[in-house]
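Here is a short briefing on a two-chain model. Please keep the sequence and the 3D view at hand while reading.

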Amino acid sequence: MSLRGLVKRFDTTVAVASLDLDVPAGSFYGLLGPNGAGKTTTLSMAVGLLRPDAGQARVLGYDVWADPARAKRLLGVLPDGVRMFDRLSGAELLAYHGLLRGMDPVTVDQRSGELLDVLELGTGNRTLVVDYSAGMKKKIGLACALLHAPRLLVLDEPFEAVDPVSAALIRDILQRYVAGGGTVVFSSHVMAVVERLCTHVAIMAEGVIRLRGTLGSVRGKRSLEDVFVQVVGGRIATGSELAWL
Amino acid sequence: MTFVRLKLRLIANGLRGQAWRVVLFVIGLLFGVGFAVAGYAVFAVPGLLGDVRVAGALIPLGGAAIVLGWLFLPLVFFGVDESLDPARFALLPLRRGTLILGMLAASLAGVPAIATLIATLGTVDATARLGGPLAAAAQLLGVVLGLLVCAAVSRAVTSAFATALRSRRARDLATILLAVVAALLGPIQLLALAGAQRADWDRVADVAAVVSWTPLGAPYAMGLDVIAGRAWAVPIKLATVMATLAALLWWWSATLERAMLGAATAARPSAIRRGTPVAQLVLPFLPRNRFGALVSREARYWWRETRRRASLITFSVVGIFLPVMMAVTGGGAGPLLLFVGALAAVGLSNQFGYEGSAYAANVVAGVPGRSELHARVAGYALYVTPLLIAIAVVVGAVTGRPGVIPSLLGVLVAAFGTGLAAVLPISVRGAYALPDTTNPFALSSGGGLAKGLMSFGALLAAVVGTIPIQVAGHLLGPAWLWAGFPIGVAYGAAAFVLGSRLAANWLDRRMPELLAAVTPR
């Protein structure tokens with residue numbers, strides 16, 4: 001995935017300011033940033049959910065905005081803060097996504113069954129997704145993104161509100177996916193997960209990328225958290241102000 | 001006061017930057033002004049005529065109608081203004097009394113409240129002309145209290161409902177029940193009107209006299225009592241109104257506490273169903289491909305999503321009762337059927353808003369605009385087609401002329417198709433977000449009146465667009481009986497093809513913009 005000069009303004013605030021990002025194929029790329037840094041906006045523009053004011057987004061060589069059909073076929077997306085068609089049951093939702101992608105019904109059935117089984121969502125479970133817990137919603141969302149075996153997975157906050165057991169399961173699935181030749185881009189502000197999973201990281205703040213590279217080159221000898229706080233420029237210690245605490 | 005400022009600030013922020021919202025708000029404002037002026041005029045007429053009897057009937061009944069309107073309209077059509085949702089104040093250290101008074105004050109600072117106040121001030125005008133300053137003063141007091149009752153009743157009832165319905169299942173069920181009741185209101189009103197036309201003045205006056213003693217009419221009858229020399233009745237009515245107000249506020253505050261606690265999600269036992277995922281999703285008679293999946297999802301949503309199901313129920317009641325009423329009272333059902341057919345199409349006017357940001361799934365998958373729209377219409381038609389047939393059959397049977405059924409159906413289909421032609425482009429360009437809330441009655445977050453106008457515009461366009469069919473019906477005379485069905489269907493289909501082609505082109509170019517429009521903020 002390569003992003004060139006992406007710009008997005010909302011009214012007067014600039015959410016993303018001329019952002020360039022290259023994600024090498026086969027990498028496990030972590031996009032870090034504090035809340036409001038523009039992570040979700042960037043990823044939304046990269047997958048065709050939000051039209052950029054300027055710039056270009058290419059996925060495996062296809063321009064997302066000029067040739068959306070080709071690009072979208074290779075993409076799997078798990079958006080954050082976006083509802084799913086949650087009045088369907090988990091199985092129905094998977095079947096919907098599969099058929100929407102033009103997959104053969106037999107394959108859809110087989111893969112959905114496996115995904116529901118592996119993610120422990122219950123193959124015969126008729127509970128509507130609207131009644132799922134937050135962690136289950138993330139898992140079914142991930143299953144929907146994986147179903148058509150995309151070459152690039154774009155995940156927005158995949159570990160938010162997920163319990164440790166499910167998080168471990170999701171980590172395992174993603175690692176297998178990358179080992180099989182897939183590329184993953186995900187946003188997060190959980191340093192521990194990023195440190196454990198990623199081959200590459202980029203740190204974003206106020207709509208621009210402040211630091212990028214392989215995990216080793218970004219981190220150096222320090223912990224990722226220290227680097228992150230320093231790059232973003234937040235204060236990490238209090239002075240005399242909160243003496244009344 | 002802070003609450004009022006908050007509300008005004010919310011309205012102002014909602015308008016900032018978006019021209020179409022300003023336009024809609026202004027149109028809503030104009031409707032409010034229209035209601036205020038018309039109401040004032042109607043209520044003031046008895047004063048100008050100098051007719052105490054007319055005043056005695058009109059003012060309490062009209063006032064009661066306004067209170068009932070405040071009770072039902074927010075529930076049914078526009079949704080209560082969510083901009084001051086009590087749950088948002090749950091964590092602030094506010095006493096409940098402060099909260100109640102503040103929210104009451106805030107709900108008075110809106111177009112509907114001000115329009116109501118101006119309209120009912122017409123009664124003060126009338127009583128001043130009929131009974132002098134003393135009567136006017138009593139009436140003025142009544143009008144102000146009446147407005148408070150209106151605001152309190154609408155807030156209390158919605159709050160109570162919202163709390164009782166925190167569990168999703170109970171909520172879904174209640175929305176449906178309410179939709180049935182609300183949809184039946186219209187027919188009941190028509191019956192009452194038909195009855196009123198036959199009844200003589202004395203009967204109406206009797207009804208008005210009774211109503212003026214109920215909390216509904218009491219606030220608006222005080223001035224009349226002064227005129228009639230029953231000044232002793234004023235304190236009693238005052239007490240009635242104050243007691244009502246106190247009871248409403250108490251009830252509201254009792255339910256508010258639970259409303260502030262927010263939704264408690266209860267897990268429900270899940271049934272085991274056999275069948276593969278695809279078999280579970282796709283309806284048996286549909287192809288197992290993208291189109292089949294889209295249509296099946298739409299069909300399930302019309303049933304499972306309460307706002308959609310409620311609108312289906314409202315339509316089916318209105319669609320059957322209106323023409324039957326007209327047929328029974330001797331009027332021609334033909335023009336009304338055009339309206340009903342178009343009304344069916346209006347159900348889709350904010351079709352993308354119903355699912356909100358879930359539409360992202362279709363954007364990511366890159367569903368072409370044509371498949372998207374055709375599938376949505378097909379899913380809706382699964383429910384509407386049987387209804388249209390039922391309407392044609394019922395109307396034909398009631399009028400005792402079964403021979404006209406095919407041509408009636410032709411008219412309905414033509415109106416439905418034309419309606420779709422008008423509604424589909426609107427559903428793409430004029431989509432707006434419905435709030436993502438646990439309140440089943442919430443349809444809008446402020447400025448709801450204005451949004452409803454868009455559907456109204458579509459309805460108007462559809463009715464105008466079907467005029468040729470009406471003309472053809474008149475010109476062909478008896479031949480219309482057999483030609484009506486094929487002509488109507490062909491006309492409707494042609495209109496649908498044109499409209500959906502335009503809408504599909506727009507949709508293909510505007511998918512991300514549409515997604516942004518329907519995503520609640």
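Chain B has 20 helices and 0 strands; helices (H or I, at least four residues) and strands (E, at least two) are DSSP runs numbered from the N terminus. The model is predicted: local features need pLDDT of at least 70, side-chain atom pairs count only at pLDDT 80 or more, and totals for chains, interfaces and linings use all residues. Residues are numbered from 1 along each chain as its sequence is written, while chains are lettered from A and ligands numbered from 1 in the order in which they are written.

**Confidence**

- The model scores ipTM 0.91 and pTM 0.72.
- Chain B averages a pLDDT of 80, and 80% of the residues score at least 70; pLDDT is the predictor's confidence in each residue, from 0 to 100.
- Residues 263-271 of chain B have a pLDDT below 50, and this stretch has 11 contacts in the model beyond near neighbours in sequence. Two residues are in contact if their C-beta atoms, placed from the backbone, lie within 7 Å.
- Residues 438-447 of chain B also have a pLDDT below 50, with 38 contacts beyond near neighbours in sequence.

**Chain B overall**

- Of the 521 residues in chain B, 48% are buried. A residue is buried if 20 or more other C-beta atoms lie within 10 Å of its own, exposed if 12 or fewer, and partly exposed in between, with C-beta atoms placed from the backbone.
- Among chain B contacts between residues at least 6 apart in sequence, 83% join residues at least 24 apart.

**Interface between the chains**

- On chain B, 39 residues are in contact with 39 residues of chain A.
- Helices H10 (277-281), H11 (290-304), H15 (360-365) and H20 (480-518) of chain B each give two or more residues to that side.
- H11(B) supplies the largest share, 7 residues.
- By class, the chain B side has 18 nonpolar, 10 polar and 11 charged residues. Ala, Val, Leu, Ile, Met, Phe, Trp, Tyr, Cys and Pro count as nonpolar, Asp, Glu, Lys and Arg as charged, and the others, Gly among them, as polar.

**The sheet in chain A**

- An open sheet of 6 strands runs in the order S6-S7-S8-S3-S9-S10 (chain A), with mixed pairing. Two strands pair if DSSP finds at least two bridges between them.
- S6 and S10 (208-214) of chain A are the edge strands, each pairing on one side only.
- The twist averages 15° from one strand to the next.
- Strand S3 (residues 28-32) of chain A runs parallel to S9 (residues 200-205) of chain A, joined by 4 bridges. A:Leu31 has A:Ala202 as its bridge partner in S9(A).
- Helix H5 (residues 134-146) of chain A packs on the sheet, touching S6 and S7 of chain A, and its direction makes about 170° with that of S6(A). Axes are lines fitted to C-alpha atoms, for helices over the stretch in contact, and angles run from 0 to 180 degrees between N-to-C directions.
- Helix H9 (residues 224-232) of chain A packs on the sheet too, touching S3, S9 and S10 of chain A, at about 35° to the direction of S9(A).

**Strand S7 of chain A**

- All 5 of the 5 residues in S7 (residues 152-156) of chain A are buried.
- A:Leu152, A:Val154 and A:Asp156 point one way, A:Leu153 and A:Leu155 the other.
- S6 (residues 75-78) of chain A runs parallel to S7(A), with 4 bridges. A:Leu78 stands opposite A:Leu155.
- S7(A) also pairs in the parallel sense with S8 (residues 183-188) of chain A, over 5 bridges. There A:Thr183 is the bridge partner of A:Leu152.
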